[in-house]
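Okay, thanks everyone, let's get going. Here's the one I wanted to show you today.

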Amino acid sequence: MQSKAFILALAAGLISAVVFASATTGAFLLRIILFLLTPLPIYLTGLGLGPAAAGIAAITATAIVLLIANPLAALVYAISTAAPAVVCTRLALLSRVEGDEREWYPIGRVVVAAAIFSAVFAMLALTLMGGDVETLTKLLRTVVESFVKTELAQVPGAPAIGPGEIDSITRSTLTSLPWALGLLSMGTILLNLWLAGRITLASGRLQRPWPDLAEFAMPASAVFVLLIAIALSFVDGMAGLFAGAVAAPFTFAFALVGLAVVHSLTRGSPWRTFILTALYTGLVFLPYIGLLLAVTGLAETVFHYRTAGRPPETPST
């Protein structure tokens, strides 16, 4: 590795660690933005300079977090930020030569890797927050009670919430928590991977051609993973919560397949702009559309109706 690339990798690791530390202070919205963009320097390094540089950046950042924080924070950073960045950029740059053509590692399998990391992070977070349902329930009930007494009480005309309602809210929060953690982690990984890809493509440093995301597909084995995880999520105890942590990122992945199907099927249609605008607007205000897209993605993965009977065409960029 050239000394310039090595220095850039060290700098990327330093920037990522500083952003990670900064995400714990300041205004709430700013903290959210910083948290989402914490991995970006490592993804940029991986796609622009190669997997070895991404590894150096990840090790540097993890070591800095360990020095300025504590081992637990370094562990969380390594699992949630460093490792996914290194592995996903490495997979995105994998290729092999078949005859006269170079075949790149399927984007769907990169997304599977992201889903696995997201599930591991969500399960780790659940473990660190309590490790058992009783402890998690007590923690969440304390949070809900604190919100009701400090925040909700200051809202004019807010309804009175008694112990029964607090218990109900706590149970709902406990059920949705692994899904929220898995979706947040999955969204963070894929957002940074996509953003780093666009930046390196614009700069001319992307080491692979930009994939046709409208043809993005998941491997068939992922269907079984999702269906089994959803079934097990109805089991009581931590096993059900862990299953939800697995189901969430895989649901996200199949929703992306459904979105790709819409992009693919509307190519050449005069209504394409209207359809896509309405769809993305609906995703913001009607989250259940995401579930419909996930079902669409599952159906596409099983039946392949996106390409059935379609003549070959040159994909648009």
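Quick caveats. This is a predicted model, where local features need pLDDT of at least 70 and side-chain atom pairs count only at pLDDT 80 or more, while totals for chains, interfaces and linings use all residues. Residues are numbered from 1 along each chain as its sequence is written, and side-chain values use heavy atoms, leaving out hydrogens and water.

On to the fold: we've got 12 helices and two strands, taken as DSSP runs (H or I, at least four residues, for helices; E, at least two, for strands), numbered from the N terminus. Going along the sequence, the order is α-α-α-α-α-β-β-α-α-α-α-α-α-α. The C-alpha trace spans about 70 × 50 × 35 Å along its principal axes. Of the 317 residues, 40% are buried, meaning under 20% relative accessible area, whereas exposed means over 50% (1.4 Å probe, protein chains only).

Now the rings. The search turned up two aromatic pairs (ring centres within 6.5 Å, with planes under 30 degrees apart called stacked, over 60 edge-to-face, the rest tilted; for Trp it's the six-membered ring). F20 and Y77 sit 5.1 Å apart, centre to centre, with planes at 75°, so they're edge-to-face. That pair links helix α1 (residues 3-22), which holds F20, to helix α5 (residues 71-92), which holds Y77, 57 residues apart. Both F20 and Y77 are buried. W271 and F274 are edge-to-face too, at 6.1 Å and 75°, but W271 and F274 are both exposed.
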